[in-house]
Every structure is written in C-alpha cells, then in structure tokens.
Amino acid sequence: MKLLDTALGKATCFLTVVIVVIAAVLHYFDDPASVKYTSMAEDLKTLEGDFRQHNKSCFILGASGETGKMLLQELLGRNIFSKITLIGRRQLSFEDKAYENLLQEVVDFEKLEDYAAAFQGHDVGYCCLGTTKAKVGTEGFIRVDHDYVVKSAELAKAGGCSQFHLESSRGADKNSNFLYLKVKGQVEAEIEALGFDRYAIYRPGVLLVDRQESRPAEWMARKFLGAFSSVFSTSMSIPIQAVAKAMVSNTLLQPEKKAEILEHADITSLWKSAGK
Ligand SMILES: NC(=O)c1ccc[n+]([C@@H]2O[C@H](COP(=O)([O-])OP(=O)(O)OC[C@H]3O[C@@H](n4cnc5c(N)ncnc54)[C@H](OP(=O)(O)O)[C@@H]3O)[C@@H](O)[C@H]2O)c1
C-alpha cells in the first residue's frame with residue numbers, strides 16, 4: 001500500500017512538472033492579445049451594404065478544403081459578391097439552393113498557364129489551397145503549397161485582380177529551418193512582390209476541425225491544444241469558422257497598409273469583434 005502511495009505521489013509530481021513545463025512553453029509561444037479590432041458588428045453590416053453595391057466578383061482556390069468550404073459558406077451567407085467562382089482541380093457538387101449561382105473553373109494546376117482565362121476579371125482572390133508532406137511527399141508539398149499558389153496569384157494579378165487574401169500559417173518564415181514554415185514564408189513574400197493593390201496574409205495556428213481525412217499529427221495537436229487552451233487560455237488553435245469569418249470581415253475593412261499580416265491573435269480578435 002505504502003509502495004502504491006509513493007508511486008502515485010511520484011506520478012502526480014511528474015505530471016505536475018510536465019503540465020507546468022507545457023504551460024510555460026505554450027505561454028512563451030503565445031501571441032500577445034491583439035488590440036487591433038474592437039467590437040464592430042454594427043459597422044460591418046454597414047460596410048457589407050456598401051461593398052455589395054459595387055458588384056464585385058471573387059474567386060476561391062481550395063473551396064473543397066476545410067477552410068475553403070467555410071469561407072464559401074460565409075461569403076454566400078453575407079452575400080457581398082455578385083459573382084463567386086471556384087477554381088479547383090475537380091467539379092464540386094452542391095445540393096443547397098444557396099450554391100446554385102456559383103461558377104466553377106476546373107483547371108490542371110500542372111498547366112496553369114493554359115488556364116489564364118479562369119483567373120481573369122475577378123476583383124478579389126482567396127487562397128485556401130494546401131496539402132501535407134505526409135500525403136504527397138516533400139516535392140508534392142512544394143508544388144501545391146508554393147508553385148500552384150504563386151502561379152495562381154500571378155495569373156490573377158495579370159487578369160486584373162486587385163486584392164489577394166492568402167491563408168498561410170502561424171510561424172511562416174522564409175528563413176525558417178522547417179520546410180513547412182519556410183515554404184509558407186516564401187509564398188507570402190513572392191506574392192507580396194507581385195504588388196496587389198491590397199494583400200492580406202492570415203496566419204492561423206492549428207485549425208480546429210473535424211476532418212474526414214485522417215491526419216494523425218494534426219489530430220493529436222488539436223486534441224492537445226484544445227484541452228490546454230481551455231486550461232491555460234492560450235491561443236494556439238482556432239476553429240476554421242473563425243478563420244473564414246475573419247477573412248470575409250477583413251475584406252470589408254480599409255487596411256492601413258497595402259500588405260498586411262493577420263497573426264493568429266488578430267484573426268481571433270477580428271472574429272470575436274465581428275460578433276462571431
Ligand atoms: N491544418 C492546420 O492546422 C493549418 C494551420 C494553419 C494553416 N494551415 C494552412 O491553411 C490552408 C488550408 O488548410 P485546410 O486544412 O483548410 O486545407 P484542406 O482541407 O487540406 O484543403 C486543401 C485544398 O487544397 C486543394 N488541393 C490539395 N492538393 C491539391 C492538388 N494537388 N491540386 C489541386 N488542389 C489541391 C484541395 O482540393 P481537393 O479537395 O481536390 O483535394 C482542397 O481544396 C493550407 O495552406 C494549410 O497549410 C493549416
């Protein structure tokens with residue numbers, strides 16, 4: 001019995017130390033709370049009305065993905081564009097009537113030059129494209145997350161698009177030693193160099209989503225961070241709805257600079273201030 005008590009005592013001590021270390025690490029990497037956005041639900045309604053009157057059009061890359069799906073839903077719900085085009089590698093089917101006026105362009109991303117017309121005439125472009133190294137290997141990951149994204153942005157710019165909104169990632173850094181963060185950082189920089197009138201980069205942390213596709217590492221990170229963010233109120237993870245809502249709300253705002261970066265905390269703050 002005494003032996004069991006001692007073992008339990010040691011285990012509790014060990015667990016406490018582990019939790020404190022994890023809390024310290026999470027706290028260290030946590031973004032400072034963003035004060036950029038204050039409550040703006042009412043203002044957004046007015047901005048939506050104004051925006052709608054300009055009959056703008058947009059395209060979405062990655063609308064079949066988790067964030068892209070939410071973004072599309074949010075754009076349809078807020079009805080701020082007179083035309084929405086989905087650009088993807090396959091035709092998507094929707095049952096809901098809300099989706100009936102969507103346009104779709106099916107392209108071969110390996111020969112994007114041949115599909116320049118698909119990128120012509122849009123005012124705003126949203127990109128939620130991406131894959132994982134685990135799924136397609138290093139080369140495949142670079143092709144999708146770098147080559148396809150940058151080439152699409154180039155074609156959109158050449159086709160007259162004035163705004164580009166890119167879903168990147170927390171920690172994106174072209175000088176990083178980590179392939180994922182390096183590629184994300186390179187893409188951010190290369191698209192900035194294209195000189196869109198307006199360019200917004202979103203850098204969310206781990207996306208909270210019940211993904212159908214199996215991604216064990218992401219699943220573990222989600223479970224872990226989900227549990228710890230409620231205990232230590234860190235902000236390492238974010239629901240995909242929040243990212244989608246922030247992307248749409250931000251489209252309506254007038255940024256101070258041509259190119260802006262919304263860090264994880266900014267996305268959360270914008271989502272909350274817009275009335276979730
Ligand atoms: N997962 C996270 O926790 C996390 C965190 C921060 C940032 N991000 C970034 O956020 C972005 C969106 O993530 P997500 O999880 O919403 O994406 P997702 O669900 O994996 O969807 C990815 C989209 O990209 C398309 N795609 C993938 N491979 C393609 C290929 N070879 N050719 C053409 N299209 C292809 C998919 O089309 P199909 O449906 O046809 O496959 C889908 O529309 C990504 O860039 C990701 O790196 C993710």
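I count a polar contact as a pair of N or O atoms within 3.5 Å; within protein, one must be able to donate a hydrogen and the other to accept it, and residues adjacent in sequence count only if both atoms are side-chain atoms. The model is predicted, so I keep to pLDDT of at least 70 for local features and 80 or more for side-chain atom pairs, while totals for chains, interfaces and linings use all residues. Residues are numbered from 1 along each chain as its sequence is written, and side-chain values use heavy atoms, leaving out hydrogens and water.

**Entry: Arg78**

I started with Arg78, which lies in helix H3; helices (H or I, at least four residues) and strands (E, at least two) are DSSP runs numbered from the N terminus. Is Arg78 buried or exposed? Arg78 counts as buried because its relative accessibility is 12%, the classes being buried under 20% relative accessible area, exposed over 50% and partly exposed in between (1.4 Å probe, protein chains only). Its side chain makes polar contacts with the side chains of Glu74 at 2.8 Å and Ser249 at 3.0 Å. Setting aside residues up to four places away in sequence, I found Arg78 touching Leu44, Glu48, Arg52, Lys245, Val248, Ser249 and Leu252, where contact means heavy atoms within 4.5 Å. Arg78 and Lys245 are 167 residues apart in sequence, yet their C-alpha atoms are 9.9 Å apart.

**Entry: the cores**

Next I looked up nonpolar cores (buried Ala, Val, Leu, Ile, Met, Phe, Trp, Tyr and Cys residues joined through side-chain atoms within 4.5 Å). The largest has 39 residues, and Ile60, Leu71, Leu75, Phe81, Ile84, Leu86 and Tyr126 touch the most other members. Elements giving it two or more residues include helix H3 (66–78), strand E2 (83–88) and helix H7 (240–252). H7 gives the largest share, eight residues. A second, separate core of 27 residues includes Cys127, Tyr148, Val149 and Phe164.

**Entry: helix H4**

I then turned to H4, residues 133–158. The buried residues of H4, among them Tyr148 and Val149, pack against E1, E4, strand E5 (163–167) and helix H5 (179–192). Just after H4, Gly160 takes a positive phi of about 100°.

How values were computed. Expected span 1.5 Å × (residues − 1).
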